Amino acid sequence: SVEELPSPNSDSEAGDKEKHQKSKIPRRRFPWTNETRSLLCEVVRIKIQCLELAKPRKESADLYIKNFLETEVKPLWQPGWMKVTTLLRESREVHANAT
C-alpha cells in the first residue's frame with residue numbers, strides 16, 4: 001500500500017485562498033477627528049510630564065510611551081480597531097521632543 005502524499009501546491013493553494021478571504025474583510029479604521037486626536041495628545045502629554053517627574057531610567061522615553069499606549073490606551077478600543085503604531089503616529093506632535 002502506497003500512501004498518497006499531498007502535492008507541494010496543495011498547501012500554497014490553501015494559503016492563497018485564506019489570504020484572499022482575509023482581504024475581503026474590510027479593515028477597521030478608527031475615524032479620527034480633531035477632538036479625539038487632541039484628547040489622545042493630552043493624555044500622552046500628561047504621561048510625558050509624569051515621566052519627567054519620576055525619571056525612571058529603566059527604559060527609554062520612547063519605550064515608556066509605547067508601553068503606556070499599548071497597555072493603557074489601546075485597550076480603550078475594541079480588539080482590531082487600533083494599533084500602537086497608529087497611536088504613536090497620531091500623538092507624534094506631543095512626544096516627538098521627548099523621544
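Colleague: Start with E42. Buried or exposed, or in between?

Modeller: E42 is partly exposed, at 36% relative accessible area. Buried means under 20%, exposed over 50%, and partly exposed in between, with a 1.4 Å probe and protein chains only.

Colleague: Before we go on, what am I looking at?

Modeller: This is a predicted model, where local features need pLDDT of at least 70, side-chain atom pairs count only at pLDDT 80 or more, and totals for chains, interfaces and linings use all residues. Residues are numbered from 1 along each chain as its sequence is written, and side-chain values use heavy atoms, leaving out hydrogens and water.

Colleague: Back to E42. Which residue forms a salt bridge with E42?

Modeller: R45 does, with the closest N and O atoms 2.7 Å apart. A salt bridge here is a side-chain nitrogen of Lys or Arg within 4 Å of a carboxyl oxygen of Asp or Glu. Both residues lie in helix α2, three residues apart, about one turn of the helix. Helices are DSSP runs of H or I, at least four residues, numbered from the N terminus. R45 is partly exposed too, at 33%.

Colleague: How many salt bridges are there by this rule?

Modeller: Three. One of them joins R37 and E90, with the closest N and O atoms 2.5 Å apart. R37 is in helix α2 and E90 in helix α4, so this pair ties together parts 53 residues apart in sequence.

Colleague: And how covered is each end of that pair?

Modeller: E90 is buried, at 15%. R37 is partly exposed, at 24%.

Colleague: What about K74?

Modeller: K74 forms a salt bridge with E70, the closest N and O atoms being 3.7 Å apart. K74 is partly exposed at 28%, and E70 is partly exposed at 37%.

Colleague: New topic. Where does S91 sit?

Modeller: In the loop between α4 (84-90) and α5 (92-95). S91 is buried, at 0% relative accessibility.

Colleague: What does S91 touch, leaving aside neighbours within four places in sequence?

Modeller: L40, C41, V44 and L69 are in contact with S91. Contact means heavy atoms within 4.5 Å.

Colleague: And V43?

Modeller: V43 lies in helix α2 and is partly exposed, at 38%. Leaving aside neighbours within four places in sequence, V43 is in contact with F68 and V73.

Colleague: Last one. Where is R29, and is it buried or exposed?

Modeller: R29 is in the loop between α1 (8-24) and α2 (34-54). R29 is exposed, at 65%.

Technical notes:
Helices (H or I, at least four residues) and strands (E, at least two) are DSSP runs, numbered from the N terminus.
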